[in-house]
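Please walk through the pockets, the contacts and the surface of the model below, with attention to the cut-offs behind each term.

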Amino acid sequence: MRTFNNAWIIRILYLLPFPGLVRLVGHLGTPCTAQTLAQAQYVMVQAFGRGSYPDKTLTAKLAAVAKPAASPLTSSFLALEADDFRPGRANMALAGVCLQLWRLHPPLVIIAQWEVCYSLWLTDRKLIAGPAADRLICLWPQGSYYATVHVKRATVHSLLARGFSSCRGLELAHPDMAARAQLILWRLGVCPALLVADIPFGPDSVQWWTRSPWQWFVREYAGRIQHVLWGWVAWRPHNHE
């Protein structure tokens with residue numbers, strides 16, 4: 001697990017979304033230690049696929065089972081567990097990285113999609129229900145498909161509403177989507193360091209493009225062109241402080 005913050009290389013990685021490339025380049029980054037994380041206030045975590053609940057039925061399923069608008073977080077997670085929701089390999093791995101970060105720097109606030117938050121709870125229920133309860137912000141979807149750009153908008157709203165610095169955060173995502181997530185955040189005025197960790201694909205994911213590297217590449221390349229055409233990304237970080 002390393003932090004990486006070379007803007008020129010991140011731009012090139014956006015233009016070359018080949019599977020495994022970010023992992024390779026990430027070895028040039030700085031190893032995560034308590035010292036290197038000391039100035040970080042928060043971690044923004046992007047989910048990657050899921051093992052159940054297809055996108056078409058996601059909104060209705062969550063409203064019926066988890067009731068996120070009306071239930072405490074632990075109650076929602078208990079309901080998901082009773083319904084045999086499977087967050088998927090990638091989200092369990094992302095949760096594992098979050099726990100490592102908390103061990104290195106306990107004050108970190110984690111702002112994550114609900115699949116990752118649920119995976120955290122599955123991994124360490126006592127921590128999530130107790131000491132870390134006020135350091136976990138769960139992002140629930142507002143529609144059937146929670147696109148990366150919408151997740152990032154909700155994330156930035158949450159961190160700015162809590163008075164966090166726009167440039168004292170970390171971005172954690174599957175390595176093969178990390179460059180796109182970073183350029184979206186630059187467009188939103190946030191300039192975190194990029195966390196590069198070993199996150200797998202999910203062969204059993206309900207989102208076909210997250211099942212293997214080349215299925216991902218086929219969809220991702222077209223998506224990155226769309227992001228440029230629609231003005232969803234910026235080519236350099238903006239410090240709004």
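The largest pocket holds about 400 Å³ of space, where a pocket is an open set of points on a 1 Å grid over the protein atoms alone, at which a 1.4 Å probe fits, with protein on both sides within 12 Å along at least five of seven lines, and the volume is the space filled by probe spheres set on the points, joined across faces, edges and corners. Its lining (residues with an atom within 4 Å of a point) comprises 26 residues, of which Tyr 145, Ala 147, Thr 148, Arg 180 and Arg 219 lie nearest the centre. Helix H8 (148-161), helix H9 (175-187) and helix H10 are the elements that give two or more residues to this lining, and H10 gives the most, with 6 residues; helices here are DSSP runs of H or I with at least four residues, and strands are E runs of at least two, numbered from the N terminus. By class, the lining has 10 nonpolar, 10 polar and 6 charged residues.

The model is predicted, so local features need pLDDT of at least 70 and side-chain atom pairs count only at pLDDT 80 or more, whereas totals for chains, interfaces and linings use all residues. Residues are numbered from 1 along each chain as its sequence is written, and side-chain values use heavy atoms, with hydrogens and water left out.

The second largest pocket holds about 160 Å³ of space, and among the residues that line this pocket are Asn 5, Thr 36, Cys 167, Arg 168 and Cys 191. The lining divides into 7 nonpolar, 4 polar and 1 charged.

Contacts between side chains come next. The structure holds 10 salt bridges, each a side-chain nitrogen of Lys or Arg within 4 Å of a carboxyl oxygen of Asp or Glu. In one of them Asp 198 pairs with Arg 23, with the closest N and O atoms 3.2 Å apart. Because Asp 198 lies in the loop between strand S7 (193-196) and H10, and Arg 23 in helix H2 (residues 21-26), the pair ties together parts that are 175 residues apart in sequence.

There are also 17 aromatic pairs, counted when ring centres of Phe, Tyr or Trp (its six-membered ring) lie within 6.5 Å, with planes under 30 degrees apart called stacked, over 60 edge-to-face and the rest tilted. The rings of Tyr 53 and Phe 85 have centres 4.8 Å apart and planes at 50 degrees, so this pair is tilted. Tyr 53 sits in the loop between strand S3 (42-45) and helix H3 (55-65), and Phe 85 in the loop between helix H4 (73-82) and helix H5 (89-104), 32 residues apart.

Note on methods
Ala, Val, Leu, Ile, Met, Phe, Trp, Tyr, Cys and Pro count as nonpolar, Asp, Glu, Lys and Arg as charged, and the others, Gly among them, as polar.
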